[in-house]
Amino acid sequence: MEPLLLVLIVALVVVLGVGGLLLARRSRPGVEEDLRPTPPTAPVDTLAPETAPDVALEPEAPPVEPEPERVKPRLRDRLGKTRDAFTGVFSGIASRGKIDDETWDDLEEALILADVGVPTTTKVIDAVRARVGAEKVSDPERVVELLREELVALLTGSDRALGRAESGPSVWMFVGVNGVGKTTSIAKLAQREVDAGHRVVLAAADTFRAAAAEQLATWAARTGSEIVRGQDGADPGSIVFDAMSAAATRGADVVLVDTAGRLHNKVNLMEELKKLRRIVERTDGALREVLLVVDASTGQNGLAQARQFAETVDISGVVLTKLDGTAKGGIVLAIQSELGIPVKVVGVGETADDLIEFDPEEFVAALF
Ligand SMILES: Nc1nc2c(ncn2[C@@H]2O[C@H](COP(=O)(O)OP(=O)(O)O)[C@@H](O)[C@H]2O)c(=O)[nH]1
Ligand SMILES: [Mg+2]
């Protein structure tokens, strides 16, 4: 009789234990929170399993791979193709020794080819021409210098700092079409914030694509951020709401909201963004940025997209991605001058460190 009793007791303990675990996991039906701060480099699934209470905890598992060296990218080094396109033209102009129609044609062509766009190109060239006339300039090198000054002037004067709430967590929403780099940009800004000693919560409100939350969770683990995510198809609004409450409870500094880039039609997408915005705005002063993410390599198409978004959702700034490897970097100028929306940060690669604060002087200097 005794072994049977023992077996029964063991079975009871196992059933109770498993039941308890399941209950704990199901207590929040819609939204699951994973708010454990994770070490910067360890992927979630390599975290040590829970150990029995009387077993000493290992301080921290040593990283399997050596950490890749973190380098701060320089705009100058990453702007390659746009830079090459410009510098060739400028040295050609300077070497011809005089200012003539060809000078202006070459300048115009360089700007158009870099996707600065016709209105902005015309505006800039006209301004340079006027100064060449007024200052009686005859040296073509001076023309290039004046162009440089006009480009800087076109870009300066905007506030590019990302907004901070006076109290409580600041919410930054990221919007834009599919594949432009929203999730990656969130990772980059999360990394920057974590490096600055801030506590970051990522809200996985792109529930349209099954893999989206998974991608964000990987970045959360890599950057040392926390994530609030839902089951596939969960309501993005409830995720945003939960992320904001979690952030407030835990004293987080920023909540970065990842949103879907594609719904079955544009009207739905825009309506959903407006709804998310309203949810954030229920907390006074929390919404500090609605950042439109634009892929620089799409050039003038990116500008058209930006215009459509800006007409429907109030955009506070642009994150311009993929400026590395494109010759269309002039899109920065078009966005700023045609839409009046400041480019706040730029993406220049695929790692969490490949982010640069946009600085007009530095950008223009990198082109020349
Ligand atoms: N070269 C480069 N690739 C980028 C950059 N930003 C994002 N990407 C890549 O673009 C692809 C789409 O990015 P993702 O963040 O998933 O776009 P989302 O659909 O808007 O969230 C991924 O392969 C990223 O690695 C960038 O600044 N430079
Ligand atoms: Mg995404």
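**Exercise 1.** Work out how helix 7 and helix 8 pack: what is the angle, and how far apart are the axes?

*Solution.* Start with the angle: helix 7 and helix 8 (residues 210–223) pack at about 20°, taken between N-to-C directions on a scale from 0 to 180 degrees. Their axes, which are lines fitted to C-alpha atoms over the stretch in contact, lie 10 Å apart. That angle makes helix 7 roughly parallel to helix 8, because angles under 35 degrees count as roughly parallel. Helices here are DSSP runs of H or I with at least four residues, numbered from the N terminus.

A quick note on the source: this is a predicted model, where local features need pLDDT of at least 70, side-chain atom pairs count only at pLDDT 80 or more, and totals for chains, interfaces and linings use all residues. Residues are numbered from 1 along each chain as its sequence is written, while chains are lettered from A and ligands numbered from 1 in the order in which they are written.

**Exercise 2.** Find which residues of helix 7 and helix 8 meet.

*Solution.* On the helix 7 side, look for Thr183, Ala187, Ala190, Gln191 and Val194. They meet Ala212, Gln215, Leu216, Trp219 and Thr223 in helix 8; contact means C-beta atoms, placed from the backbone, within 7 Å.

**Exercise 3.** Which residues come nearest to ligand 1?

*Solution.* Of the 19 residues around ligand 1, the nearest are Gly181, Lys182, Thr183, Thr184 and Gly347; "around" means a C-beta atom, placed from the backbone, within 6 Å. Now bring back helix 7 (residues 182–195): with three residues, helix 7 gives the most to this shell.

Notes. Helix = DSSP H or I, 4+ residues; strand = E, 2+ residues; numbered from the N terminus. Parallel < 35°, antiparallel > 145°, perpendicular 65-115°, else oblique. Contact = placed C-beta atoms within 7 Å.
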